[in-house]
Amino acid sequence: MSSSSSVKVCVRLRPLNKREKRGNTMPVVTANTEKCEINVVKGLSTKATRHGFNFDSVFSEFSTQEEVFNQTLLPIVGQVMKGFEATVFAYGQTGTGKTYTMEGDITVDSQRGVIPRSCESIFDQLQNSGKFSDFNVSVSYLEIYNEELSDLLVEKGKNLRICEQRGKIHCMGLSETNVNSTEEIISIIQKAQERRQVAETKMNRASSRSHCLFTLRVISKEKVADGIIEREGKLHLVDLAG
């Protein structure tokens, strides 16, 4: 896949969990971040075979939340600020760390995932760059569980439905909330986490059992020599169920 491709695939390996360490589990997947390569070992001893797979970016179990954000979301945030619409989603089986990568531990700065980091980057550019004369940021948070739609921004869900308007898909009835800071968004995420559907699985005691779509809409006005440029960008961040 070329660097100019509009779709990029990144792979992140999580560290062994406590159960795996107790069982002396041997990793069968290794990551080479420099070569952007994942190696999978199948079989044992002399019958073992190694298969290599290349991706646009590869992150090992030692990669930090900051490294993941800087190499994946930060360039996309820049495009959203220019008025483009972009989507990033985490895909993988249950227990692989999708929600950790997307949301992380929002109470600890170093452990925050790409959603709060994206919000922080957007507000930093809007408020501190000196380029924008006015701006508006709003968020929505949609959950899809057992083919039912729920609004994670409200206490009691409204009836939501999917429809098509002018060639675009919309979720009718989904609320959108204006926000003025990263702290406001952190508070919204905390409340949404309490409402999200979770259940215990063999891989995870509190696995997210739903798909969640967090959307940031950014409207900005930038002063230029001969007038004002108004832009509207959207960033969709999707945490898929395992």
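Is Arg112 buried or exposed, and what is its relative accessible area? Arg112 is buried, at 17% relative accessible area. Buried means under 20% relative accessible area, exposed over 50%, and partly exposed in between (1.4 Å probe, protein chains only).

The structure is a predicted model, in which local features need pLDDT of at least 70, side-chain atom pairs count only at pLDDT 80 or more, and totals for chains, interfaces and linings use all residues. Residues are numbered from 1 along each chain as its sequence is written, and side-chain values use heavy atoms, with hydrogens and water left out.

Salt bridges were considered next. A salt bridge is a side-chain nitrogen of Lys or Arg within 4 Å of a carboxyl oxygen of Asp or Glu. The count comes to 5 salt bridges. Arg112 pairs with Asp109, with 3.6 Å between the closest N and O atoms. Asp109 is exposed, at 57% relative accessibility. Arg14 and Glu20 form a salt bridge at 2.9 Å, N to O. Here Arg14 is partly exposed, at 28%, and Glu20 is buried, at 12%.

Glu176 and Arg217 also meet in a salt bridge, at 2.7 Å, N to O. Glu176 lies in the loop between strand S10 (168–172) and strand S11 (177–179), and Arg217 in strand S14 (residues 211–224), so the pair ties together parts that are 41 residues apart in sequence. Strands (E, at least two residues) and helices (H or I, at least four) are DSSP runs, numbered from the N terminus. Both side chains are partly exposed: Glu176 at 41% and Arg217 at 21%. A network of salt bridges links Glu176, Arg217 and Glu232.

Glu120, Asp124, Glu183 and Glu184 form a negative surface patch. Helix H4 (114–128) and helix H5 (182–195) are the elements that give two or more residues to this patch. Patches are made of residues with over 30% relative accessible area and no salt bridge; like charges are joined within 9 Å, and nonpolar side chains (Val, Leu, Ile, Met, Phe, Trp, Tyr) within 5 Å. Asp124 lies in helix H4. Its relative accessible area is 42%, so Asp124 is partly exposed.

The structure holds 0 disulfides, a disulfide being a pair of cysteine sulfur atoms within 2.5 Å. The sulfur of Cys119 is 15 Å from the closest cysteine sulfur, in Cys212, which is too far for a bond. Cys163 is in no disulfide either; the nearest cysteine sulfur, that of Cys171, is 8.3 Å away. Cys119 is buried, at 1%. Cys163 is buried, at 16%.

Key
Accessible areas come from the Shrake-Rupley method with a 1.4 Å probe; for residues, only the protein chains shown count as cover. Lys and Arg count as positive and Asp and Glu as negative; His and the chain ends are not counted. The place of a charge is taken as NZ of Lys, CZ of Arg, CG of Asp or CD of Glu.
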